[in-house]
Amino acid sequence: MTIAVIDAILRHQLFLDGLKLGQANRLNEVMVKIDKDLRQTLSIWRYDELGTMPKQKLRELVSRLREIMLTSLDPYFDEMVKWFEFYMREDRQTFVELYSEYKPTEEVEEKTPDEKRLWGLVWAAPMAATGVLAAILLRNAKLNMTAKIERLVVQAYANNATIDELIASIRGTKAANYRDGELNRLYRATKSANDTIIQHIAAQVNLNVSSRLFEEYEWVSVIDNVTTQICRKRDGKRWFYGRGPVPPAHYGCRSSTVPVINGEADYADLTLEQWLRRQPENIRTDLRAWAKAARALTLEQFAKKRKTILQP
C-alpha cells in the first residue's frame, strides 16, 4: 500500500481521539445535571432514614428519580444518534477524497453508497467489539444508568441508610474527588460505549468505501504503551475484504484498516513515536501539540482537520 494512505489513516485516528474527548465533555455535562437534580430531590425528602418509609413511598421515590434521569437521558441519547449520523457523513467525505487519489474520482463516487444508504449499512452492522448493534449498545447504556440508580435506592432502603449515605453512594465522596460514586462509574461505562461506537462508524465507513475499490486490506494499530495484545498481533496482517476481522476489536480500540494498493510497503512495525518523526514538520507539530494538551474537538473542528489528514 502507499505510505500516504497509512499516513492519512493514522492522522485520522489520532484526531478521532480528540473527537471522542469532545463527546466525553458533552456526556459530562449531562451527568453533572443529573447529579444536581438527584441531590436536589433527595435533599428535600422527608424521610431521613430510608428504612422507615412505607413501601409506597419507596416506589414513589424510585419513580421520581427515574423520571429525573430520563428527563436528561432521553434527549441526550436521541441527540447522540443524530450526532453519529453527522459524523458518518464527515468520514464518508474524507475517505472518498482519500481514495480518489488512487482510483478515478468518478469510480469512487459511483461505487460509494450515498449518505442515506451508508448510514443504514453502518448502523445495521454488528459491532466487532461487542457483538451487538450500536443502537442496542446505546439502549443498554441508558437502561443500565437508570437501573443502577434504582438499585442503589432499594439497597439503601434495605439497609436503612440515611439520605446522606444514599447521596454519597450515588455521587461519591469529596475525599475521593467523587470518583467512587455510581455516577462516575456510569459516566465511564457510557463514555466507553460512545467511544466504541465512534470507532465502529469510522471502521465501517472506511470499509464500505475501500472494499468496493480494492481486494485486500491490512490491519493498522496505533502502537504505544497502551496498545492491547490483540491489536499488536493483528497489526500489519492482511485479509481479503469480507474474510477477516475488522475494528474495533475491543472497548477503547484505536485500530484501523487500510487497503492494499499495488502490494506496496507500509509502516506496520513502527511505534507511534517513530511514525510521528517521519511526518511533515507542520503535521508533527500539530499532532504533538494537540496530544500534549489533550484537546477536545467538535465535529466542525474535526471536519477542518481533513486538509491535514489528507496532506501528502
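Biologist: To start with S1, how many of its residues are buried?

Modeller: Strand S1 is mostly covered, with four of its five residues buried, where buried means under 20% relative accessible area, exposed means over 50% and partly exposed lies in between, using a 1.4 Å probe and protein chains only. Please keep in mind that this is a predicted model, in which local features need pLDDT of at least 70 and side-chain atom pairs count only at pLDDT 80 or more, while totals for chains, interfaces and linings use all residues. Residues are numbered from 1 along each chain as its sequence is written, and side-chain values use heavy atoms, with hydrogens and water left out. The element names follow DSSP runs numbered from the N terminus, helices being H or I runs of at least four residues and strands being E runs of at least two.

Biologist: In what order do the strands sit in the sheet?

Modeller: The order is S2-S1-S3, in an open sheet of three strands with antiparallel pairing; two strands pair if DSSP finds at least two bridges between them. Strand S2 (238–240) and strand S3 (256–259) stand at the edges with a single partner strand each, so one side of each is left without a neighbour in the sheet. Neighbouring strands are turned by 35 degrees against each other on average, direction ignored.

Biologist: How many bridges join S1 to S3, and how many join S1 to S2?

Modeller: Four bridges join strand S1 (residues 216–220) to S3, and three join S1 to S2. Glu218 has Val258 as its bridge partner in S3 and stands opposite Arg238 in S2, while the partner of Val220 in S3 is Ser256.

Biologist: Which helix packs on that sheet?

Modeller: Helix H1 (residues 3–43) does, touching S1 and S3, and its direction makes about 160 degrees with that of S3. Contact here means heavy atoms within 4.5 Å, and the axes are lines fitted to C-alpha atoms, for helices over the stretch in contact, with angles running from 0 to 180 degrees between N-to-C directions.

Biologist: Staying in S3, is Thr257 buried or exposed, and what does it touch?

Modeller: Thr257, which lies in strand S3, counts as buried because its relative accessibility is 3%. Leaving aside residues up to four places away in sequence, Thr257 touches Ile9, Asn206, Leu207, Tyr217, Glu218 and Pro247.

Biologist: And what joins Pro247 to Pro248?

Modeller: A cis peptide bond joins them, with omega at about -5 degrees, and Pro248 lies in the loop between S2 and S3. For context, most residues other than glycine have a negative phi, and most peptide bonds are trans.

Biologist: Which residues other than glycine have a positive phi, then?

Modeller: Asn160 has a phi near 50 degrees, and Tyr178 has one of about 65 degrees. Asn160 is placed in the loop between H5 and H6 and counts as partly exposed at 35% relative accessibility. Tyr178 is in the loop between H6 and helix H7 (182–210) and is also partly exposed, at 29%.

Biologist: At what angle do H5 and H6 cross?

Modeller: The axes of helix H5 (residues 134–158) and helix H6 (residues 163–171) cross at roughly 150 degrees and come within 10 Å, and the two helices are therefore roughly antiparallel to each other. On this scale, angles under 35 degrees count as roughly parallel, over 145 as roughly antiparallel, 65 to 115 as roughly perpendicular and the rest as oblique. The contact is made by Ile149, Leu152, Val153 and Ala156 of H5 together with Leu166, Ser169 and Ile170 of H6.

Biologist: How do H2 and H5 pack?

Modeller: Helix H2 (residues 55–99) and H5 pack at about 160 degrees with their axes 9 Å apart, and they are therefore roughly antiparallel to each other.

Biologist: Last topic: what does Leu310 touch?

Modeller: Leu310, in helix H12 (residues 306–310), touches Ala8, Arg11, Thr94, Glu97 and Leu98, not counting residues up to four places away in sequence. The C-alpha atoms of Leu310 and Val5 are separated by 8.4 Å, although the two residues are 305 residues apart along the chain. At 23% relative accessibility, Leu310 counts as partly exposed.
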